[in-house]
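This report covers pockets, a sheet and a helix pair. The sequence and structure come first.

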Amino acid sequence: MSLHKPASIIGRDLEWHVLERFLRSGDDATLKIGIVSGRRRAGKTHLLTAAAAAVGGLYHACVQEEGDLSARGRFANAIAAHGGLTGASIADWESLLISALEVAARTAPPDRPPLLVIDEFPYAMAKAPQLPGILQLLYDRAQRGEGPGGRVVLCGSSLSVMRDLLSGTKPLRGRAMVDLRLGPLDYRQTAELWGIADPETNLKVHACVGGYPGYRPLIDQTPQSPADFEHWVPDTLLRKGLGVFTTAEVDYLLREDPRITDRSAYFDVLGAIARGSTTLAKIGAETGRSKDAVRPLLSTLESIGYVARRPDLVRGRSSIAVRDPIIRFDRLITAPRLGQLDLGRAEQVWGAMRDTFRSQILGPHFEELSREWVHRFAPDELDRPEGFGEVGTANVHDNVGRAKYEVDVLGLQGKTVTFIGEAKATGQRQGIGALARLREIGEVLARLGYRTDGALLGVFSLTGFTPELATAAERDPEVALVDLDRLYAG
């Protein structure tokens, strides 16, 4: 019997299917371990509490900066409460884990194995580093039929700690049946989450906070139009004291990783990248640090997903960009005017930074969503079920005409070009010139040795298209025009 995913969980169909498969009983009564990780606000707790409720599982959340004795006491109380027991005795971790699995076995339905979920597991490990080793011991015993079986899910927001659980010679390496990493929702799911019908408003909200469902409960007002958005930003994201004031939120995000001790250095690096320093040398120059000093900071930020390297699909080089929207918004909009925001001048700050938002955040974000559309939605909507291969950006140099082209959206399958696109977030409608430019790029790529016959040409626009371009697209099945309505509604 399948598990019913609650309607309150937007998206996450793949993740729910993995958990459902993990929670099947089958004939194997041994212990199985699952790892669930994802950055703060990704919706891990919502997903796991729903799964635990569906199978009568025991869910327990660890607390940051809690002593070991207190942590064991709370766990003992949670076990007693779940089993309907009147008293709880504080024992060692091994005894507590065995008790938790035994109690979960009594509350599990006949067709499901017992489930124990330990949320924010790194908090418990901070005071009890032996926990992974104890779980290894219980796992190995269960394989021999000498201990309680069931399913144990370990969850955490500290991505470095969670990934380290399964690395090298760590106790749990090779013992996890599930390693589930929750990223953000896609932009269409995010629109459903926020309940916003207007595509332009959806784009702008997504450019600020991304697809992390944990922000929705913190925000009491939802903009429904571009005019609403203009009030929403200073009233919510720039209002010091609210839960989504972006500088406080980014500080929390950096605190999640125990490797980050000097947050000011990471703030400097993130700010430099957000402002356009896309290489190690440029980041070092802007922050006044050597390459050797920047490299480990950058490595940490990459490993936790806050920045990413974007390869040039033609030239093979890569550039560095801030991947997390709320960090990008904070470094470009909030942080430069923090002194004024301390005085409550959110409206004035937004008025001064609105152009920065449009040019350095909204424009690049529209390009990102255009690439996501090609990768995620276009295969079905353009009847290309095989997809478009690797989707990214490129700089194309025409040695014959001595011209350089920046390609916003490029699809490559080996040496075959599958998609060439241009995305503009300007106030002017895209015209026939955009299509001519894409064809020129196709010709240059062909001269560089790429196969371009059959490549689709895509023009993306915030404000629509001229009649001439619309007519040309109607006549050519290999041209796709994508405005905001199509980007969001298909």
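## Pockets, sheet and packing

The lining of the largest pocket divides into 16 nonpolar, 14 polar and 18 charged residues. Here Ala, Val, Leu, Ile, Met, Phe, Trp, Tyr, Cys and Pro count as nonpolar, Asp, Glu, Lys and Arg as charged, and the others, Gly among them, as polar.

This is a predicted model: local features need pLDDT of at least 70, side-chain atom pairs count only at pLDDT 80 or more, and totals for chains, interfaces and linings use all residues. Residues are numbered from 1 along each chain as its sequence is written, and side-chain values use heavy atoms, with hydrogens and water left out.

The largest pocket holds about 1300 Å³ of space. A pocket is an open set of points on a 1 Å grid over the protein atoms alone, where a 1.4 Å probe fits, with protein on both sides within 12 Å along at least five of seven lines; lining residues have an atom within 4 Å of a point. Grid points are joined across faces, edges and corners, and a volume is the space filled by probe spheres set on the points.

Which residues lie nearest the centre of the largest pocket? They are Pro184, Arg323, Glu368, Glu372 and Arg376, out of 48 lining residues. Elements that each supply at least two lining residues include helix H1 (13-22), helix H14 (291-303), helix H17 (346-381) and strand S8 (390-398). Helices (H or I, at least four residues) and strands (E, at least two) are DSSP runs, numbered from the N terminus. H17 gives the most, with 7 residues.

The second largest pocket has a volume of about 890 Å³. Its lining has 30 residues, and Thr278, Arg310, Ser319, Ala321 and Thr393 are the closest to its centre. Among the elements giving two or more residues are helix H12 (263-274), strand S7 (318-322) and strand S9 (403-413). H17 again gives the most, here 6 residues. By class, this lining has 9 nonpolar, 9 polar and 12 charged residues.

Now the sheet. Five strands form an open sheet in the order S2-S3-S4-S1-S5, with parallel pairing. Two strands pair if DSSP finds at least two bridges between them. Strand S2 (58-61) and strand S5 (176-181) are the edges, each pairing on one side only. Twist averages 15 degrees from one strand to the next. Strand S1 (residues 31-37) and S5 pair over 5 bridges. Ser37 has Arg181 in S5 as its bridge partner.

H1 packs on this sheet and touches S1, strand S4 (150-156) and S5. Contact means heavy atoms within 4.5 Å. Helix H4 (residues 93-107) lies across S1, S2, strand S3 (115-119) and S4. Axes are lines fitted to C-alpha atoms, for helices over the stretch in contact, and angles run from 0 to 180 degrees between N-to-C directions.

| H1 | S5 | about 165 degrees |

From H12, Ala265, Tyr266, Val269, Leu270 and Ile273 meet Leu297, Leu298, Thr300 and Leu301 in H14. This contact has 8 nonpolar, 1 polar and no charged residues.

Two loop residues other than glycine have positive phi. Arg41, with phi near 75 degrees, sits in the loop between S1 and helix H2 (44-54). Glu120, with phi near 50 degrees, is in the loop between S3 and helix H5 (121-127).
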